[in-house]
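Let's take a walk through this protein's strands together. Keep the 3D view open and follow along as we go.

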Amino acid sequence: MSSGRKVKVRIAPSPTGDPHVGTAYIALFNYAFAKKHGGSFVLRIEDTDQARAKASSEAQIVDSLKWVGLTWDEGPDIGGDFGPYRQSERSDIYRKHCQMLIDSGKAYRCYCDAERLDLVRKKKREDGLKPMYDRYCRGFTEEEKQEKYGSAARHVVRLAMPLDGVITFHDELRGPICIEAKELDDQVILKSDGFPTYHLANVVDDHLMEISHVIRAEEWISSTPKHKVLYEAFGWQEPAWVHMPLLRNTDKSKISKRKNPVSLDYYKRAGFLPEALLNYLGTMGWSFGEDREVFSLTEMVDNFDIQRVSLGGPVFDLDKLTWMNQGYMHKLGDDAFVGFVRDQIFSPAYLRKLKPIVLERMGRFEEFVDKNDFFFNGALDYSGVKLVPKGRDAVEVKKMLKLLVERLDDLYLWETPNLEGLLKSFQAEVEWKPRDFFMTIRLVVTGRKDSPPLYETMEALGREMTRFRVRNAIKSGHI
């Protein structure tokens, strides 16, 4: 597989939440492909969604990818010849290229407000049509729009997509993919706040950074025709397209935090060895050959052939990962074993965090593990624990916990005051008695009636472990 250029690939995560295991999966295959072909691997941060982007999330992504064992040749932390590597720092570049498209007639300013757009979509639905933009502003010249709206009027910029015909691109794993132009909207490429959408930013960045192969998840297949049109509008050579199969739950649904822990922070917190996790991700839809499942990153690179990727939809099985991790644990020498337990499970930073929470419950240090074992466990055993309070039934408890998980998912700053505010307002919302509500949450999170203060305990356990336990309690069979 060749695009006729020096191999250069990228991973471009969005810093809007926890570092996702799917990011590591796609990053691994980009890395292996680049190193196999003597190319380079770029980390780029897609932070144009300023309402959701967080610097702390970017730091987590960088730390987690490094923890799992991946490195890059260019990126926001190490620089490079094609920076900046944060899209929020490239706004002038995008505006310049957007103006090039407007000047060539390949894009146009759209002044339609949200109210008009809603009415257009509603009318199309009523007529049995796709709720797409009706291209109203495309029918005016830029001069006519200036006269009608004025130069300072709020607007977006849309790509002028072909009105008919078929858009075809070649996927290196799937062959030619054809989509009728009439099925595609005139996509917004520059938002009213002056920031680009994913489509413009990625195409411009990939071209300017000399990306030869775009290896990304299959969920972006539907966007690729728009990207192809953008490349043609600029007169640029498009990269080779490779759309990897999505990771799946055991029921074949797309992997999600509702059925599987998806944050890399969870796997680090749960005590998985990074080599084991990376090895397992390498088996996701790719065959090493010789029915071999256990291999190092170096061995994967040496034997890598992206044509051996299967499109069947790799199943991310936590039990299989645990089995593989156990094998890696057995390979550890004494010093490495002790060091991992000390650094990952009983790290000084974690123990310092626990000290003010657990101190009042201890009289002797020998009580530390016995009274606080839930700080070091993963899934809890709820045998003998009454998770359904008197006067409630299992259906009510599960409904409340499922709704609670959704609220916890939306809490970005995982700190005691925020957890206290969320739980108190949620308790009032579901109209449970405070005693029943808070005891149920305490039992779900710690497995004990007698435990340290709830909010501080949840903060110490962390976002992923807390949410994992709530979900695990729902499906544990003890409710």
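How many bridges join strand β8 to β9, and do they run parallel or antiparallel? Keep in mind that what you're looking at is a predicted model. Five bridges link β8 (residues 213-217) to β9, and the two strands run parallel. To find one of these links, look for H213: its bridge partner in β9 is A240. How does the chain get from one strand to the other? From β8 it passes through helix α7 (residues 224-234) and on to β9, making a right-handed β-α-β crossover.

Now stay with β9 for a moment. In a regular strand, side chains alternate between the two faces of the sheet. Here you can see that pattern: A240, V242 and M244 point one way, while W241 and H243 point the other way. Buried means under 20% relative accessible area, and all of these residues are buried, whichever way they point. Because five of the five residues of β9 (residues 240-244) are buried, the strand is largely enclosed by the rest of the structure.

Zoom in on β3 and β4 (residues 156-159), and you'll find four bridges holding to the antiparallel sense. A107 is a handy place to start: its bridge partner in β4 is L159.

Note on methods. Residues are numbered from 1 along each chain as its sequence is written. This is a predicted model: local features need pLDDT of at least 70, side-chain atom pairs count only at pLDDT 80 or more; totals for chains, interfaces and linings use all residues. Side-chain values use heavy atoms; hydrogens and water are left out. Buried means under 20% relative accessible area, exposed over 50%, partly exposed in between (1.4 Å probe, protein chains only). Two strands pair if DSSP finds at least two bridges between them. A crossover is right-handed if, with the strands pointing away from the viewer, the path from the first strand over the helix to the second runs clockwise.
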